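User: Hello! I am new to this structure and would like to go through its aromatic rings with you.

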Amino acid sequence: MTPTLVRRGAMLFALAFATPFLLSAQAATGTVSGRITDASIGRGLPDVQVLITGTRIGAVTGPNGEYTLVGVPTGPRSITVRRIGYQATTRSVQVLPGATATADVALNVSAVNLTEVVVTGTGTATEKRKVGTSIATVDSALISRAQATTVDQAMQGKIPGAQITQNSGSPGGGGISVRLRGVNSFISGSDPLYIVDGVIVDNESGQLADLGTRSNPQNRLADLNPSDIEHIEIIRGAAAAALYGSRANNGVVQIFTKRGNIGRPHFTSTTRWSTSELREQQPFNFYPFDVNGLPVTRFNYQDDIFHRAPSWEQNINIEGGNDQTRYFMSGNFANEDGIMRSTSSRRNGARINLQQQLSPKLVANVTSNYISTNNQLQAFGEQNDYGIMGSLFFAPTNVDFRPVQGIYPLPPALGTNPLLAIDRIRNPQTIERFIGSTKLTWTPITNLLVDYTIGLDNVGFEQRQFVPRNAVLGTAPLVTGRSQSVFENNRVVNQDGVSSYTWSPRGSFEMRTTGGFNYTSQRVRITQATANGLAPVGDLVSAGSVFSAAQTDVELRTLGFYGQQEIGFRDRLFLTGAVRYDASSTFAPSERWQAFPKFSASYVVIDSKPGALNSLRVRSALGWAGSQPGILNAYSQFISYTQLPFAGRPGFVNDVTFGNPNLKNERAREWELGADAGFLSGRVSTEATYYNRVVSDLLFFRPLPTSTGFSRQFYPIGTMSNKGIELSLRSTNVDAPNLQWTSTMTYAHNKNLVDSLTILDFQSAGGYPNRIRQGEPAGVFYGSYAARDCLTGAFLTDSLGRYRRSNQTSDMGNSAQRIAISGGNCNDSLNRVIGDPNPKWMGSFLNEFTIAKKLRLRALLDGVFGNKIMNLSTRAQNAGIASNSKSYERELLPYGDPRKLPPTWNSRTQGIFEYWIEDGTFVKLRELSASYTLNGLGVQRFFPDGVDLTLSGRNLFVWTDYSGYDPEINLFGTNAGGLGSVQTTAADRGFDFGGYPIPRVWSLSARVSF
């Protein structure tokens, strides 16, 4: 199907439902308005869903809890009021023609949310009780109270089964990765599919210049302003994500922004001041004597590299409207300095959301969001030529890096002077982004709904880099200086149409039939210009003398259709069957079209009954979803060619990758079973889910004989499974007039296993000791170890007391000698599995208090347990060229000191990867805050709603045995492919190598509205 036919089909679809509304007559209607409050404290509740029961007429309350519903059919009606954390309520109201009826509702706190309405994975708005899959929701209150810089930061610790990791402390977000229910693909990254107001957005985290090779300082979800978010829906499994087809193997996250409410313009202003600091310093060698026992001066450059960094953020929004038009407008200005000197992030954004009643049966929603971000970054991670962290770890502590007459000395063996990098090396980024959508909703009759949405996500990303002459060691062209300019345009356009019809064939049955289509087109264009041999002055590419350039252009298209049938029986039993049929341009024509079915059931056993057990629902679902290769492997069905000029003439040679003419998508099958229960009059609720997922046709590179002219082919190589449980417990511990206390606990356990491989096990991250190995979790650490006595388990040492390395003949001898030394065959293998970076379980504990209706306290603890980390940062410190680790001090102690280690003891550990494995278990005080409302007469004179003051902190304390900066740091971030196709997979986790430390952050904010 060609793009022209798709566009024509979309136009016909729009015309088909646009024509009848022009002919429809207007019926007599009225208006319903009121205020929704918290029954305990009497304060207005924002973001409450208010619906006219049995219709699609609804609204969301404003900051004061006020709402207005227009176009309500006359006669006796009922309104249904819902909000996460409160008991749903229904209220009767009489609507008269042209009149306004008032319906105020006070909501009681409740931990049970079966009547909550969700959209993600269901096609149209559906009560949670009718859905057979697990869908998590995070509302605006939780997001705003998190005091987070980015949306994904705000979700940390709030979703069971979601491993949300801040991979670095880089300003502007820190390259956060989201992994739902374990590793599900090697080549598609770990990120779920993100949808914002119906727009499929790209959360790219790759680099355009080398800022750490496979590290990612920031992802593009950082462009969104958390203050604009109304709520977020998360589906974690294929059983729920089947309607999204070949893109939903990693789950789906749908973000909904605020819409505005009927009434006079309402202004809200929030100002936040923050300060960030290094949580704790890394230990270094500061022993005052050298290896010969002579006095030596040592320097701690962490004080020169890191500092206390200020930040400031201002959010302003205006909302209001009338019975025809609603609007929400916001502006955001954020200025954040990083704790590493010369790093910063500046974000400015504006949003306009409009809802227009075009006719009694047709509503238009338009969203537009423009963001401009300017980052100033420094290289870290694997970049050891001009990266600050690499230069710090590889440099001896007895080198004085301070400038002499304006000239910075270079280190003796590797990299650059970190103080020079801070002062003169620049890596500025400029990101201009627009996210917008137009949605038309037509209800020709009460039971029929037709939606059409067109969305655009357009990102212009410019990355520049300047490395001055003589800033690094060596003889490579980089020594002569480098200027680089890279521009990327990433454009995603999606069109979605959905129609649903609700009908009742018999009194006890209720049916809903849904059908729809989706068309997505993505184009990524990159242009790069680089120059070496820079002039002594000038930092542009034109200041160079040796030039190179490159250009890429990649297009991807996906087209899908789906149908869904829902059956309800006596408002207790709900059955759903659906199938999506889609195609992607990535796959071979013979394998392009694939079907993804799903089946689910939900049965409400007990519904809002008094007693100890108030509600109980059981649910189950089975579904299939897929994943597509990323941009780097978009054309893997073809043989590609690389330019290779010869004698000044153009020439080409085939790439090392052989095309796969039968390429098809990875395919996940998932079954889940769960139950939701409410106890003690809704004061306690629990959700439990078991899932079993198998991913087949895993794509990766299989080796080919070089005699073919190629070395590898993108090909299905095996299967992988994830099995686990997810638990959540919510409770209202105290609900008194002057004291409320609520708690939320989550627990998740996932067991990942590579079930089968059609190729030999392989190193998943090039250059690192981890492995994709049949019968083991994906990405296990695999490498050399310290040999042990097979009988006693004691370490084997040589005559100097140093560990014997398993993979060195000089330590272990030949096979016979190895057995003799070991006292058995326990050390027969040169390498073995030495650790697992995947956690055994994750959990969180959130407590929130409201005291005297004015003071609100909250604390969030979250932790990861049972995972291992390979501390390559300390390994770099132990390298012979550095010898700056804390443990190296023991080699410098005088003979006779019982703490002294033999010479070369530390450098020998370089060859024992097991030595660098540490326990990565940690518990973090992720969020801590205290808010107080000033609402005295003097304040209310200017601000009727009062002034909210909040003191908050993030990442305040970490309880861990890990010796590095932070156990949460991850070298590879969300990348699967890396810069220049350096081999990495989504399974590569648990490496700490020159990471940007995650800071401790304190904030003070003030919020006023009027």
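Predicted model: local features only at pLDDT ≥ 70, side-chain atom pairs only at ≥ 80, totals over all residues.

User: Why does Phe-700 count as buried?

Analyst: Residues are numbered from 1 along each chain as its sequence is written, and side-chain values use heavy atoms, leaving out hydrogens and water. Buried means under 20% relative accessible area (1.4 Å probe, protein chains only). Phe-700 has 3% relative accessibility, so Phe-700 counts as buried.

User: How many aromatic pairs are there?

Analyst: The count is 31 aromatic pairs, where rings of Phe, Tyr and Trp (its six-membered ring) pair if their centres lie within 6.5 Å.

User: What makes the pair of Phe-186 and Phe-700 edge-to-face?

Analyst: Edge-to-face asks for planes over 60 degrees apart. The planes of Phe-186 and Phe-700 are at 85 degrees, with ring centres 6.3 Å apart, so this pair is edge-to-face. Phe-186 sits in the loop between β13 (176-180) and β14 (193-196), and Phe-700 in strand β36 (residues 699-703), 514 residues apart. In DSSP terms, a strand is a run of E of at least two residues.

User: Which residues do ring pairs link into a cluster with Phe-186?

Analyst: Phe-700, Phe-701, Phe-714 and Phe-762 are linked with Phe-186.

User: How do you know that Arg-702 lies over the face of Tyr-715?

Analyst: A charge sits over a ring if NZ of Lys or CZ of Arg is within 6 Å of the ring centre and within 35 degrees of the ring normal. Arg-702 is 3.7 Å from the ring centre of Tyr-715 and lies over its face.

How values were computed: Phe/Tyr/Trp six-rings, centres within 6.5 Å; stacked < 30°, edge-to-face > 60°. Helix = DSSP H or I, 4+ residues; strand = E, 2+ residues; numbered from the N terminus. Buried < 20%, exposed > 50% of the residue type's maximum accessible area, 1.4 Å probe, protein only.
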